Amino acid sequence: MPKLIVEARGIHKHFGALHVLKGVDLVLAERELVFVIGPSGSGKSTLLRCLNRLEEPSSGSVIVDGVDMLDPRTDLNHARQRIGMVFQSFNLYPHMSALGNVTLALRKVAGKSRDEADRLGRAALERVGLADRAGHTPGQLSGGQQQRVAIARAIALEPRVMLFDEPTSALDPELVGSVLGVMRDLRESGMAMIVVSHEMGFARNAADRVVFMAEGAIVEEGPPAAIFGTPVQERTRAFIGQIQRH
Amino acid sequence: MSNWDRFVETFFNAKIMAKYLPDIAYGMLVTVELAALVIVTGIALGLALALLRSLGFRPVNWLIIFVVDLFRALPPLVIIVFIYFALPAVDVAPSGFVSTWLSLMLVLTAFSEEIFWAGITSIPRGQWEAARSTGLSYGQTLVSVVLPQALRLTIPPLTNRTIAITKGTALGTVVAVSEILGMASSAVSNSYNPSPLTLGAGAYLILFFPMVVFGRWLETRMAWKH
């Protein structure tokens with residue numbers, strides 16, 4: 001059995017009286033790509049954010065690359081370098097160039113010299129096809145380019161797993177392809193990935209497993225062909241039916 | 001003598017102006033010293049309080065908010081008079097200069113803390129999250145990501161507020177600080193002619209006009225394209 005990179009068990013999350021995650025288990029093996037789908041408010045993003053503790057799980061356990069993320073003795077800042085995250089709204093630093101965005105953590109967290117960080121940063125920008133945009137600020141880049149810089153910022157730290165939180169939802173349709181292209185390349189390089197997204201075409205082609213969530217719990221999971229073609233649960237059927245009509 | 005001549009004689013009397021020019025120049029020096037002290041200490045303390053507040057210790061924050069609101073509510077003149085006349089009762093006797101400095105510093109601290117705080121809280125949560133997700137610590141995120149953006153936003157209101165409060169150095173005249181207005185007033189009493197006041201107004205313009213222009217320049221320079 002391949003090594004598990006992410007092992008989340010029994011995750012609960014409460015926001016006040018709201019019970020957002022109701023005991024979710026999610027595992028991810030090396031080189032695996034898991035797609036998480038579900039209606040808005042089903043807890044997909046919260047689950048993702050519990051994995052690197054941007055959100056504090058109320059209970060449960062999260063192990064990433066052998067590190068217990070919920071152990072108070074864990075150096076969270078060190079552990080987070082191993083978990084790349086890409087956000088719906090890019091969240092690039094507007095006061096820095098593309099290269100500056102990519103190299104900040106390389107210098108401040110990974111302790112690289114400026115020269116070394118620049119070299120690694122340029123290599124990461126090269127991987128997302130933006131080597132020629134290194135000096136541009138986010139405001140000078142299209143949405144698709146910004147998201148690719150955000151991906152470069154994450155992969156420059158050589159993470160063991162990448163978390164994508166609706167990476168293409170804020171993009172104009174004609175820009176989605178370039179971001180999915182970069183994600184496909186990453187996938188082919190063997191990166192373990194968890195993707196929260198509604199890009200069903202991409203899910204069908206690239207995902208090893210699709211997880212369907214509703215109301216804070218996993219309803220059904222399986223290979224894309226099964227989830228999209230012959231879903232077992234009524235709730236899944238209804239959701240798949242709805243998104244395929246659009 | 002025409003009205004015009006009388007006006008010039010009263011407010012632009014060259015002889016009297018020449019006589020009191022050294023006094024006004026000395027007053028300018030005192031005003032500059034006082035203003036520089038107020039600006040540097042007030043803004044530094046304001047920023048320090050805003051950073052302390054961002055750590056989110058509730059009792060500390062309540063205290064900060066109380067103190068800030070107190071000094072935003074009190075007229076600066078009241079604080080000056082209080083420090084100058086009340087503190088000697090507990091055996092601390094600050095000079096008029098120190099009383100004015102401390103008072104205006106406290107007021108600028110209060111206002112600049114609010115401005116810095118507004119700047120820090122206006123930076124979207126996603127900026128914090130992106131930085132923290134790459135392993136940056138709270139402090140590193142604050143220094144490298146949040147503050148550079150927040151400070152740009154604070155420059156216009158901070159400049160306005162700083163100019164407004166620094167002009168309050170003129171209040172020092174009630175506690176015998178020999179700054180521009182103080183020097184001008186005594187020159188008026190001694191010469192029975194208000195021309196030194198005109199000179200004083202000129203001195204204030206020379207000092208504060210460049211500050212206004214500098215603020216405007218900073219504002220455009222700090223802008224970046226989103």
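Trainee: In what order do the elements of chain B run from the N terminus on?

Mentor: In this predicted model, the elements of chain B follow one another from the N terminus as α-α-α-α-α-α-α-α-α, and the count for chain B is accordingly nine helices and zero strands.

Trainee: How do you know how chain B compares with a compact globule?

Mentor: The rule takes 2.2 Å times the number of residues to the power 0.38, and for 226 residues a compact globule would come out near 17 Å, whereas chain B has a radius of gyration of 22 Å. The C-alpha trace of chain B, taken along its principal axes, spans about 80 × 50 × 25 Å.

Trainee: What makes a residue of chain B count as buried, and what percentage of the residues is buried?

Mentor: A residue is called buried because 20 or more other C-beta atoms lie within 10 Å of its own, and in chain B buried residues make up 37% of the 226 residues.

Trainee: Which elements of chain B give two or more residues to the side that touches chain A?

Mentor: The contact takes 18 residues from chain B and 22 residues from chain A. On the side of chain B that touches chain A, the elements giving two or more residues are helix 6 (125-133) and helix 7 (138-166) of chain B, and helix 6 of chain B gives the most, with six residues.

Trainee: How do the residues on that side of chain B divide into nonpolar, polar and charged?

Mentor: The side of chain B that touches chain A has five nonpolar, 10 polar and three charged residues.

Notes:
Residues are numbered from 1 along each chain as its sequence is written. Chains are lettered from A and ligands numbered from 1 in the order in which they are written. This is a predicted model: local features need pLDDT of at least 70, side-chain atom pairs count only at pLDDT 80 or more; totals for chains, interfaces and linings use all residues. Two residues are in contact if their C-beta atoms, placed from the backbone, lie within 7 Å. Helices (H or I, at least four residues) and strands (E, at least two) are DSSP runs, numbered from the N terminus. Ala, Val, Leu, Ile, Met, Phe, Trp, Tyr, Cys and Pro count as nonpolar, Asp, Glu, Lys and Arg as charged, and the others, Gly among them, as polar. A residue is buried if 20 or more other C-beta atoms lie within 10 Å of its own, exposed if 12 or fewer, and partly exposed in between; C-beta atoms are placed from the backbone.
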